[in-house]
Amino acid sequence: MQMMEQKISFYTLGCRLNQSETAVVKNTFKVDGFKVVDFNQPADVVVINTCTVTENGDADTRRLVNKVNRLNPNAQIALIGCQAQVQKEKLTALPNVRWVVGNERKMDLLNVLNETKNATTPQVITPTIERKPFTIPVAGIDELHTRVNIKIQDGCDFFCTFCEIPYARGRARSRVFNDILKEAKSLIASGHKELVITGINVGTYKEENHEILDVINALEDYEGLERIRISSIEPTTIADDIITKMGTQSKLCRHLHIPLQSGDDTILKDMKRKYSVCEFSEFIEKAHQQVDDICIGTDVIVGYPGETDQQFENTYSLLKDLPIDYFHVFSYSPRYMAKTQNYTNTIDIKTIQHRSKILRDLSTRKRACFYNQLLGSIVPILFEQEKNGYWTGLTDHYARVYVKSNHNLQNQIRNVKLENIGEKGIIGSLIYVK
Ligand code: SF4
């Protein structure tokens, strides 16, 4: 007798790590009994990989559940990941939610669904996250993208006061070194030319004698892989050897995303960040001097409890003066399990919005300045996709480039002369080798 096939779709909220995990979970469902479909198509089961990093992340889950119920009223919903781990009661109450699966079991969702398919009540599966080296069941091959994330680490031991990651994702743990290499080989064999090293606190990667630089060195030897990029990395965890490597001819992209969070020492101390403004600045200057054309991005929180006008001004001045090329600006919101949840000296929303806008505008100006410096140069672009006659891709230093071309450039690395600044990036033209 033929088994009834269940259609299943996926949606990812939040960070790059969540994206990498959804890609893996999705691939585990490419088995008899399930058919993976697009999120917009009718499905029997809809999986949402949730995020809880800000209030907006939480609200997005609710909005998406409502959307699924409107468009796909017969679907059963599985909410997995960070918000599922820390807010299970709240999520179970949402309509048509059949499974709430935390981070410890989410990669094993196929078995969870099979084990609980006859249950008549919503299933909440959020065991304590174990602290031990981990492996990943299948490769996160992603046919839709040229760049692909490779997870090497999870969790965090730093316990910054505003952050609930150590609760949502558990304590720091590293992926078994050979398991990373095994997935990398599959990803490269399937055509991915750029791997993005991903985790919560990747600089703390340690598995037996291996550190993050060993991962980078091992990946570099693989034929077919052209670029290795580090996603976000904590400022105090970047070894000098990484900067040295970036500054020499290597596959390691000249791009660092290093969260600052605040440019004021009193706030940094209250946040329990592990550096002072001076230490952060010295590191950024050093990286900028040692690596030609390096692109440095950062994250910053606006409206941390008690943030005065002067403290905000300190952050603004620091970001203006340092060679940082873009920032992601987050409006502070209290997180359920974070220490600052109990702080009463909150900043009013209008001030937060006003300060956020000031920093976003500064970021736009600084990115344009970085792009301007690149004009006139000829650089390799890894092309991703075509829209309205323009192919788009990234330089190794994370500049977005557009080229008008009738040829199929997908997943090709081609030299491009960077010519003008456009609305969304740099406009260039292909350089043909005679
Ligand atoms: S370093 Fe701090 S902000 Fe980053 S995940 Fe760890 S606790 Fe959260």
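Visitor: What is the bridge partner of aspartate 299 in β16?
Guide: In β16, aspartate 299 has histidine 328 as its bridge partner. Before we go on, this is a predicted model, where local features need pLDDT of at least 70, side-chain atom pairs count only at pLDDT 80 or more, and totals for chains, interfaces and linings use all residues. Residues are numbered from 1 along each chain as its sequence is written.

Visitor: What makes β15 and β16 a pair, and in which sense do they run?
Guide: Two strands pair if DSSP finds at least two bridges between them. Strand β15 (residues 295-302) and β16 are joined by six bridges, in the parallel sense, so they pair under that rule. Another of their links is the one from valine 302 to its bridge partner serine 331 in β16. As for the names, helices (H or I, at least four residues) and strands (E, at least two) are DSSP runs, numbered from the N terminus.

Visitor: How do you know that β14 pairs with β15?
Guide: Three bridges connect β14 and β15 in the parallel sense, and the rule asks for at least two, so they count as a pair. One of the links has histidine 257 with glycine 297 as its bridge partner in β15.

Visitor: Why are β14 and β16 called edge strands?
Guide: The open sheet has three strands in the order β14-β15-β16, with parallel pairing. Both β14 (255-257) and β16 (326-331) pair on one side only, and they are the edge strands. The twist from one strand to the next averages 15°. For such angles, axes are lines fitted to C-alpha atoms, for helices over the stretch in contact, and angles run from 0 to 180 degrees between N-to-C directions.

Visitor: Why is β15 described as largely enclosed by the rest of the structure?
Guide: Because seven of the eight residues of β15 are buried. A residue is buried if 20 or more other C-beta atoms lie within 10 Å of its own, exposed if 12 or fewer, and partly exposed in between, with C-beta atoms placed from the backbone.

Visitor: Is glutamine 261 buried or exposed?
Guide: Glutamine 261 has 23 C-beta neighbours inside 10 Å, so it counts as buried. This residue is found in the loop between β14 and α10 (265-271). Glutamine 261 also has a positive phi of about 75°, although it is not a glycine.

Visitor: And tyrosine 398, buried or exposed?
Guide: Tyrosine 398 has 20 other C-beta atoms within 10 Å, so it is buried. Tyrosine 398 is found in the loop between β18 (390-394) and β19 (400-404), and it has a positive phi of about 70° although it is not a glycine.

Visitor: What surrounds valine 148?
Guide: Valine 148, in strand β7 (residues 147-151), counts as buried because it has 25 C-beta neighbours inside 10 Å. Leaving out residues up to four places away in sequence, valine 148 touches Gly140, Asp142, Leu187, His192, Leu195 and Val196. Contact here asks for C-beta atoms, placed from the backbone, within 7 Å.

Visitor: Which strands make up the barrel?
Guide: The closed barrel of five strands runs β17-β18-β19-β21-β20, with mixed pairing. Its twist averages 55° from one strand to the next. Valine 416, for example, has leucine 430 in β21 as its bridge partner. Helix α13 (residues 349-374) lies across β20 and β21, at about 115° to β20.

Visitor: How many residues of domain 2 are in contact with domain 3?
Guide: The domain assignment gives domain 1 (6-125), domain 2 (147-374) and domain 3 (378-430), and such bounds come from an automatic or database domain assignment. In this pair, 15 residues of domain 2 are in contact with ten residues of domain 3. On the side of domain 2 that touches domain 3, α13 gives the most, with four residues.

Note on methods:
Two residues are in contact if their C-beta atoms, placed from the backbone, lie within 7 Å.
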